Amino acid sequence: MRTLPEPFAGWFAARGWQPRAHQLAVLDAVAGGEHALLVAPTGGGKTLAGFLPTLLDLNNAPREGLHTLYISPLKALAVDIARNLMAPIGDMALPIRVETRTGDTPANRRARQRAAPPHILLTTPESLTLLLSQPDAAAFFAGLGSIIIDEIHALAGTKRGDQLALCLSRIAVLAPGAKRIGLSATVAVPEALRAWLAPDAQAGSVRLITAEGGAAPVFDMQLPEGHLPWGGHMGLASMPEVYRRIEAARVTIVFVNTRAQAELSFAALWRLNEASLPIALHHGSLEIDQRRKVEAAMAAGKLRAVVATASLDLGIDWGDVDQVIQIGAPKGVARLLQRVGRANHRMDEPSRAVLVPANRFEVIECVAAVEAAAAGELDGDPPRPGGLDVLAQHVLAMACHAPFHPDELYAEVIRAAPYAALTRRDFDDVVRFVEDGGYALAAYERFRRLFRDSEGRLHIRDARVARQFRLNLGTIVETPMIKVRMRGGGTLGEVEEWFVSTLAAGDCFLFAGQVVRYERLDPAAVIVSPGGGDDPRVPVYAGSRMPLTTWLAARVRAILHDPSRWAHLPAQVQEWLKLQSLRSELPPSDGLLIETFPRGGRWFLVAYTFEGRLAHQTLGLLVTKRMERLGMGPLGYVGTDYVLAIWSAFEPTGVERLFAEDILGDEMEEWLAESSMLRRSFRNIATIAGLLEKHHPGAEKSGRQMTMNADLIYDVLRRHEPDHILLRATREEAARGLTDVARIASLLARIQGRITHRALSRVSPLAVPALIEEGREWVAGGAEDALLAEAAALVAEATDGAEEFGETLADMTDGIITRGASARPKPREARRSRFIRSAPRRAS
Amino acid sequence: MNAAPLHLGAERVMLDPAGVLHWPAQKLLCVADLHLEKASAFARAGYFLPPYDTRETLARLALLIRRYGPKRLVFLGDSFHDADGAARLSPTDRAALRQLLQGLEPIWVLGNHDPAPPCDLPGEAFVEWRQGPISFRHIPSPFSRQAPPEIAGHLHPKATAPTRAGGISRPCFVANPRRVLMPAFGAFTGGLCVTDPAIARLFLQGGRAFLLGEERLYSFPLAGRGHGAAPQQGA
């Protein structure tokens, strides 16, 4: 086995450390000219393993120029790693300069970095893209020896991952000798990550190094005293118990699933906080300074607890956390283990975690997750293929860097794993899109962004194209946000614009851990004052909830179906399930149980499909389309992680027809046409691809600027050129990752001939959670007009017809006006001359 | 399609759910904010919107002209997205527009986006156009009891109606007996909520929003924010 040379051996020894086997294995791989993927749980000295080859090499042979590029998904992580790297470099007085480069790096430092690059540059995928789009990128990266990609499991399969993979492909051209080192948490699909990391998309080109597992985590489940809630995801009923556990531990991270939940949990904890324990709040919408303060206080050991969302998921070192509390179901096993790994950053001692389910289904899900963790079963899907929208952005970036030949760029792009299966037709269409929009109607010849020279190379038209590219760079499409500012004070953070539009002056809402009162909207911010009020609202953010993974869903279904496995479940849950088997029946582990019952003048259909919320939303669209055809008058539906519930005007009969496999055919076409999810996909794709101007959070709008509405573009494009590359990209995205059509297809295949229909006289116990679930989707199109008609009629009815603005009222009010007008002296002639301010002109 | 009658001053006009106003007594059809060639204006700035907005807008307008057979067609301003919009019309779209104007008396009220009359197209251009008691203008006049009843555009009103399925947003007419604010007709024209002060201050004395539907309009009183304030009628 390899050993460390001095001064490294001494540095380890002085800390009483041993180099770990996987750290040496990474050194070995790089020394042998291999790329390496290191899979290790949190706290395994992963980051140091990535940097050791660089530190050794630069110590052996000091030289100038960029040696190592480190890429992480989080700016904060890059900053944190820089701090941690300084310790060994300082201690051993190594001749190594480390710098970060992110969106926050000031322009003068960025310019200096390009003139005199550091040895180690820590950056993010966006900043890397920007560097690569510069004309001098070739010289900058020429001497690169090593590329470290941290948290690769969180990047692969996302659009930022696609962007990074394309950048890596370009770097492989600029610096063919650079070795790649991927660092990953424990995942279910290491082979797919190996291929993702490889410079030729082949898993075999990357050595897989797996750190031996640490001690198994210890789980505990915390239920509220008394009644166990039927629905809801906030878990507030358990806050007294959570607070007691915080009191009993040294440092706790309280993980929640959404930002709204973070605000509510934090407020609830402070109401209980008689001992005034230092408890802080951390989520992605808080002002960045505020987040940094919390992170620093946490690292310095000044906090007893922090309530956090996924903003704390990734590997920043939080010091001595000895307890992790997960509020709400974890939704995935791998995710749960990553969060639990935040407690006790030492591999040889077990991490301790407490699960706090918010409702009855979540209890079962928590039990299933703990069982799966104990069995070492991880979940997670292999990364999906790369998006064409990201490719469009990359093509423009590469054109900004230097003229390129499409043949060469295509060859380079398909070496990146996410694009390995990209067809030349799609590639060429993307290039045409970047050139002039790529429309069948060639209307924009004179506005081209790229032009071809005599050798077929593509050049950008002028510097303005490059400026525009930089303005719109990035693959994260922000929902329009607006800053929240305390009157006469600082900025607290930001909320989604639509939330503000629902506020009236004087309304109170919970934000940044305090109740604030809405005062007014000025052009740049929502102005608030300290507020009180009994029932503050909580801003919610779109798309913030993770869906249940397939794996966990299967486990939940298996537990439900098998009463012999209920022993671990709390008594209230057991009773609930027993009641279900009396009133209706338990969902089978393979077939499908469908219940129908009348309630409140409508009919309900509940299908126990257990395919996760995203799949259920799509399934809901398809099934309601079929119901519309069959004249059942569907009104709306809600998809939870566990069930699909639909309500309709008429009784659904012959329900097998609604779940026939061919709903993926006919109804799918219609669904594609109208789906609001597809519209959302299109908006994102059009923005990333550069069709729409990117919304810059916090940027001031000039007056009442009318932003281009993506829905209108979608409608027009669909009518006139349904095969346009952006619509193809939208359909592809919808058909795979986003809406889980594959999951629906396999569900429909599995249940054919195994559908059990129970026509009940009233709601069943298992159906209750779905009926009180928020986030309902309504049947679009015709139904929307029906709803408008109903609402308009209601207004008329409530006001006893006095509001009727048809002819009657018009005549009546007209009378009033006429009388008023006739009382005044006839100003008609004078008025005309005053209002026609310029003489009519002839047009042509 | 069921157009809704409305009395403006002493005149009876019809609001069509397709977003146009018909004045039967004058055989007049009025349409606002077409923003033709908006896509090519964006393309010039490097954002390649689908180049089909003009033909889409014209096709919808042609249908309505066929239905109502008007003598006059009033374009209420911002007919083109910018001053050289008309010059950028493709030959096909230009021919379609000329065809559509055949036998009509086009009135081009000038807007802030198209401050000059469109070149090479028939019709007369006005900053403000008066027909009988009614004033046609692009930008609504500030509220005044003395002003003549008017039909205006510019603001692209849309409204969100509360339904049991949550809010549903549609472009809309906003009207009271003294003023009609037209919805934007263009394929790529977005909307401004009627609660925005720019619109709300024009209807301080009350009014109603008529949301465009497939077959008919849906009428709601303009509400004060958060409270169902009924419009005050008339004077």
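Start with chain A as a whole: of its 844 residues, 47% are buried (buried takes 20 or more other C-beta atoms within 10 Å of a residue's own, exposed 12 or fewer, partly exposed is in between, and the C-beta atoms are placed from the backbone). Keep in mind that this is a predicted model, where local features need pLDDT of at least 70 and side-chain atom pairs count only at pLDDT 80 or more, while totals for chains, interfaces and linings use all residues. Residues are numbered from 1 along each chain as its sequence is written, and chains are lettered from A and ligands numbered from 1 in the order in which they are written.

Now colour by secondary structure: chain A has 32 helices and 27 strands (DSSP runs numbered from the N terminus, H or I of at least four residues for helices and E of at least two for strands). Among contacts in chain A with a separation of 6 or more, 74% are between residues 24 or more positions apart (a contact means C-beta atoms, placed from the backbone, within 7 Å).

**Stop one: a glycine in a helix**

Select Gly161(A), which sits in helix α9, residues 159-174 of chain A. Is Gly161(A) buried or exposed? Gly161(A) is buried, with 26 other C-beta atoms within 10 Å. Beyond the neighbours within four places in sequence, Gly161(A) touches Leu155(A), Ala156(A) and Pro383(A).

**Stop two: a helix pair**

Next, show α14 (333-340) and α15 (360-374) of chain A, which pack at about 80° with their axes 10 Å apart (axes are lines fitted to C-alpha atoms, for helices over the stretch in contact, and angles run from 0 to 180 degrees between N-to-C directions). So α14(A) and α15(A) are roughly perpendicular, the label for 65 to 115 degrees. To see the contact, pick Val333(A), Leu336(A) and Leu337(A) on α14(A), then Ala369(A), Ala372(A) and Ala373(A) on α15(A).

**Stop three: a helix with two faces**

Finish at α22 (571-583) of chain A, whose 13 residues reach 18 Å from first C-alpha to last. Which residues of α22(A) are buried? They are Val573(A), Trp576(A), Leu577(A) and Gln580(A). These cover an arc of only 95° around the axis, so they lie on the same side of α22(A) (the arc is that of the directions from the helix axis to the C-beta atoms). They pack against α15 and α21 (550-561) of chain A.

Conventions:
Angles under 35 degrees count as roughly parallel, over 145 as roughly antiparallel, 65 to 115 as roughly perpendicular and the rest as oblique. Two residues are in contact if their C-beta atoms, placed from the backbone, lie within 7 Å. The expected span of a helix is 1.5 Å times one less than its number of residues.
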